[in-house]
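Thanks for coming. Please put it on the screen.

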Amino acid sequence: MNHMKRLACAVLALALCGAFLLTGCSAPRLTIGGTAKTAATIGDTTLSTGEYLAYLYNSFYNIYYSRGLYQYAQNGYDVWSQEYTYGEGDDAQKVKFDEYLKLSAQDAAVRQLMEKYNISWNADEQKELEKNLENVKADSYLSLGINKDNFVKVTKELSLNETSLFYGLYGEGGQREMSEADRKTYFDENYLSYKMISISLTDSSGSEMTDDAKKKVTDQLEGYLAEYNKSGNFEAVVDAYNKSKASDASTVKASKDEDNRKNIDGNTATDEELVKAIRSVEVGKAQVITYKANGSTATAALILRLDIHTPESLFTDETKNVIRGAKYDEFDKEVKEAVKGLTVNFKKSVVKKCDPKNFVSDASSN
């Protein structure tokens, strides 16, 4: 389950701020002289061409660079001809990469729910973001057709709108505040804490190991399990394993509890097989488990399952994550329904002119 999907795409603040620190092919040149100032109306909102470009570049950067498509392009693959699924269920449609980017950018521009529920940006998050944006120069993104005002405006909306709306509804004091009792129930039913030493059971070519090779790995882990059962010190076991892999064992630093402990929401974790493996271990015990990581990669692991109620502060520390895990599907459904209900009118001339392929038009020359 992938919660906060749109938030995962809202990387404009970091992506654009760092874009020009990368190579030339990451800093495309784009001019939009003669293009209409207004790109679209979405409900009662007018979207300028500069804002649309900022949304479009956010979608482009997140997918093209963060997902590594640029590497395929550099090796001669035509990533623009690849098809992506936009939408879900009966509304799903197969579209080419450039059209997918345009649709994603339009989807990101929805703002109406903030006004409907009279919810403002989180003040602390806004202050922190504005501090990060202080160094943006007036001409930093003009080569993309984006002036500073539009860059800052869109960055704030992408970074603040959805989180502020979500926690403004379901967080403390929100219109649909999730009670402490409900949060504790969700926490107890879904949260897992563990420490682990994990070793892939595949060889250098990616093929699954022979049974004999697998046994060597599991025997190694069984040895670490025996050491842990004797000493009760999992950090010492992790350190021993790290030293066994290091070319110079003397350079391995001793690990601490906070280095090795992991806390996850089993309801939203992406690796369902790992969740099953952890749940198969009794709380307070350690065990060697073999499983298929992410459902595909043969893996052996020494797993120590910890009590989620120790320390007691974990429940409080995970408040936002608990609310997100419990309530995001409900929230996501409402947002999608709101999007469907909007009247969206984009100027075809602007959409055509603002071609995301222009963002990498000079890539081949770098």
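Strand β1, residues 38–42, pairs with β9 in the antiparallel sense, over three bridges. Within that pairing, Ala40 stands opposite Phe346 in β9. Bear in mind that this is a predicted model.

The two strands belong to an open sheet of three strands, in the order β2-β1-β9, with antiparallel pairing. At the edges are β2, residues 45–48, and β9, residues 344–346, each of which pairs on one side only. On average, neighbouring strands of this sheet are turned by 15° against each other, ignoring direction.

What lies across these strands? Helix α3, residues 49–64, lies across β1, β2 and β9. The helix runs at about 75° to β2.

Take Phe97 in detail. Leaving aside residues up to four places away in sequence, Phe97 touches Ile63, Tyr64, Leu69, Val79, Trp80, Gln82 and Tyr84.

Now to strand β5, residues 191–200. Why is β5 described as largely enclosed by the rest of the structure? Seven of its ten residues are buried, so the description follows from that count. As for its partners, β5 pairs with β6, residues 262–265, in the antiparallel sense over four bridges, and Leu192 stands opposite Ile264 in β6. Strand β8, residues 297–306, also runs antiparallel to β5, joined by eight bridges. In β8, Ala301 is the bridge partner of Ser198.

Last, a helix pair. Two packed helices are described by the angle between their axes and the distance between the axes. For α10, residues 211–231, and α11, residues 234–245, the axes come within 9 Å and cross at roughly 145°. The crossing is right-handed. Which residues meet there? From α10 there are Gln220, Tyr224, Glu227 and Tyr228, and from α11 there are Phe234, Val237, Ala240, Tyr241 and Ser244. By class, that contact has six nonpolar, two polar and one charged residues.

That is what I have; over to you for discussion.

Key:
Residues numbered from 1 in each chain as written. Predicted model: local features only at pLDDT ≥ 70, side-chain atom pairs only at ≥ 80, totals over all residues. Heavy atoms only, no water. Pairing = 2+ DSSP bridges. Axes fitted to C-alpha atoms, helices over the stretch in contact; angles between N-to-C directions. Contact = heavy atoms within 4.5 Å. Left-handed = near helix turned anticlockwise from the far one by under 90°. Nonpolar A, V, L, I, M, F, W, Y, C, P; charged D, E, K, R; others polar. Buried < 20%, exposed > 50% of the residue type's maximum accessible area, 1.4 Å probe, protein only.
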